[in-house]
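Please look over the sequence and the model shown here before reading the notes below.

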Amino acid sequence: MAFFGVTHAAEREGAVAPDLEPVHSAVPDPMQGLYRALGNRSLADLGGAVARQPGGGLHFGPDPAPTPAAQAPAAPTPAPATPTPAVPTHAGPTPTPTVPTPAGPTSAAPAAALPVPVVTTDVPHPPDPPQTAAMPALDAPFLAKLLAGFGMTPAAVAGWLGDLPLPVDSADAYWGVPEVGTYVDTLARGWTTRLTAAQRPLDPLLRAELVKDYGETMEGAYARLSVPGVRIPGGLAAPFSQLPDRVRALLKKRLAELTRKSGPDEAVIADLITLRQRINHAISSYRDIAAWGWMVERREHLDFATIANPKVKPIWPFQPAALPSDATEAEIVHEELVRRKRELTDRQVADAVARATAALRKQRKDQTAELTEDERAAAIAAVEVRQLGGRGVADQVVRAAGLAEEQKDWIDVHEKAPDGTPIWGPRWDKDSIGVLPGTAELVKTLDDWYGAPFSASNYRGHGGGTFADRGRSLDLTLPVPRQANGFYDPSAAIRFLLAINDAAADLGMEWRVLYDDASVAMAVNRQLGRQRVAEVANTSRNERTHAIENINWHGPLVLHFHLDLAY
């Protein structure tokens, strides 16, 4: 059976259908048949294999027939690197090429200069990605007639379908994918071996932490739900715990659309049954893809975290130029208080000055000492910061003012010359928002160095820390085949990263890329002697509730290069 397959454990026994009074008691109750057809675990055992395709997206229509990946000659594997472990966290992936390497793009760097990916083999890598079968056939019209014959209305069926359990149960061990448990043992042994060899302290809770991390990743991974061949109108992607509400909303929305068309009840019910079937298929299929993606990425993390190279220098601190400011912090805070109609009263100003004067006289032991104008302004400004909500709020207001000032210089990356040619080059994604002119120049320069297609994109809030929303961060993607491990072909990725280095050097910019293929990152960093390529693969949480909302990955499931530019 293909790894992970899509044949799950038998559906839960004893499932009770909604309480319905059949019109003809002699006819077998269709509820159990439909319940089993839709499945409260795996859509009645989806067997077979869904070909995993890059990109994907939920697709409404016929499911594509699986096509086996062509076999490519094995890539040269260098001798295993001697691990020099660092402080452990959780684990990550490594490539296993099975897709033929296309004639790759060329950069200005000579081909002979390309470094070789640093592939480690001391810890087994996950098998090839799961394959999933086309959605199983379901005689929805027949079931719809049965339901209508039992007096079920479309609205009642929609409510019942929305209340059915999801085909995946997060309470099951490893979310119903036992292979993950086996691979967690493999990862834990790999960590232990490497840490022991480096005489590093072992973490007795390592395995438990890996299992916890897997569950949290799966929760957030569903916000990236994308299954080739299955498109759900209205969107299904959401953290796993939100899927029941999302399913009910989709069915309710579809019911309203069909009701406006005033079709026969049987046709409406059949459409709803088919929609729920597609939803179940998407959820169960993606569970297997996400579980595989976690194993791959955590195997990569093992290399990122435990293999050091003293010849590679860090690039930290790494940050963009300071935000522009036409006003002082005190002026910005005061203007914000005025905007909010919360400025200080005369009494509050007098109290602030009196307290500061008393403190000054006590310090100098001089009861005649008076504040200078600057000291008086500082005393009032400190009180205004507290009035606004404290230092944290004031910092946010000051940063927002700086961002607003800087964003006046952003350019429209889709701008065209009078003859229709794109001024900033042809590589921008159609949904990208603007960036700073220097960032747009980098993309044009990169286009020259790389000499092959790629896509660049920016969006609101893009970037972490001091880079957030600065117009200096980009998501870059390549239209090249992925390896079986979900990453870009190593030679294409390495050539692209070296082209970024050349383009940034041309413009006098510092750069870093987040990309989770350790073999590529180590090769590029060693070539450049700087830690230009790093890994980030974690979960995103709501700042207020701390609930997991998404995954912040740069590898399988969310493949792209994240580029930050410091200038």
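This is a predicted model: local features need pLDDT of at least 70, side-chain atom pairs count only at pLDDT 80 or more; totals for chains, interfaces and linings use all residues.

Residues are numbered from 1 along each chain as its sequence is written, and side-chain values use heavy atoms, with hydrogens and water left out.

**Confidence**

- The mean pLDDT of the protein is 83, and 80% of its residues reach 70 or more, where pLDDT is the predictor's confidence in each residue, on a scale from 0 to 100.
- Over residues 1-110 the pLDDT stays under 50, and for this stretch the model has 288 contacts beyond four places in sequence, a contact being heavy atoms within 4.5 Å.

**Salt bridges**

- Side chains of opposite charge can pair when their charged atoms come close.
- The structure holds 25 salt bridges, each defined as a side-chain nitrogen of Lys or Arg within 4 Å of a carboxyl oxygen of Asp or Glu.
- One of them joins the side chains of Glu 329 and Arg 391, with 2.9 Å from N to O; this pair links distant parts of the chain, since Glu 329 belongs to helix α8 (residues 329-339) and Arg 391 to helix α11 (residues 391-406), 62 residues apart.
- Helices (H or I, at least four residues) and strands (E, at least two) are DSSP runs, numbered from the N terminus.
- Glu 329 is partly exposed at a relative accessible area of 34%, and Arg 391 is also partly exposed, at 41%; buried means under 20% relative accessible area, exposed over 50%, and partly exposed in between, with a 1.4 Å probe and protein chains only.
- Glu 406 forms a salt bridge with Arg 470, in which the closest N and O atoms are 2.6 Å apart; because Glu 406 lies in helix α11 and Arg 470 in the loop between β1 (455-457) and β2 (473-477), the pair ties together parts that are 64 residues apart in sequence.
- Both Glu 406 and Arg 470 are buried.
- Glu 406 also forms a salt bridge with Arg 472, where the closest N and O atoms are 2.8 Å apart, and this pair links helix α11 to the loop between β1 and β2 across 66 residues.
- The relative accessible area is 5% for Glu 406, which is buried, and 5% for Arg 472, which is buried as well.
- Elsewhere, a network of salt bridges links Asp 122, Arg 194, Arg 299 and Asp 303.

**Nonpolar cores**

- In soluble globular proteins, nonpolar side chains tend to be buried together.
- A nonpolar core is a set of buried Ala, Val, Leu, Ile, Met, Phe, Trp, Tyr and Cys residues joined through side-chain atoms within 4.5 Å.
- The largest nonpolar core has 63 residues, and those with the most contacts inside it are Tyr 222, Leu 236, Ile 283, Tyr 286, Trp 294 and Leu 557.
- The elements that give two or more residues to this core include α4 (178-197), α5 (206-221) and α7 (265-306), and the largest share, 17 residues, comes from α7.
- Not counting residues up to four places away in sequence, Ile 283 touches Leu 166, Pro 167, Val 168, Tyr 222, Leu 236, Phe 240 and Leu 243.

**Strand β7**

- In strand β7 (residues 561-566), 6 of the 6 residues are buried, so the strand is largely enclosed by the rest of the structure.
- Phe 561, Leu 563 and Leu 565 point one way from β7, whereas His 562, Asp 564 and Ala 566 point the other way.
- β7 pairs with β2 in the antiparallel sense over 4 bridges, and 5 bridges join β7 to strand β3 (residues 510-514), again antiparallel; two strands pair if DSSP finds at least two bridges between them.

**Helices α5 and α8**

- Thr 217 has its place in helix α5 and counts as buried, at 2% relative accessibility.
- In α8, Ile 332, Val 333, Glu 336 and Leu 337 are buried.
- The face of α8 turned away from its buried side carries the exposed residues Glu 335 and Arg 339, while what covers the buried residues includes α10 (373-388) and α11.
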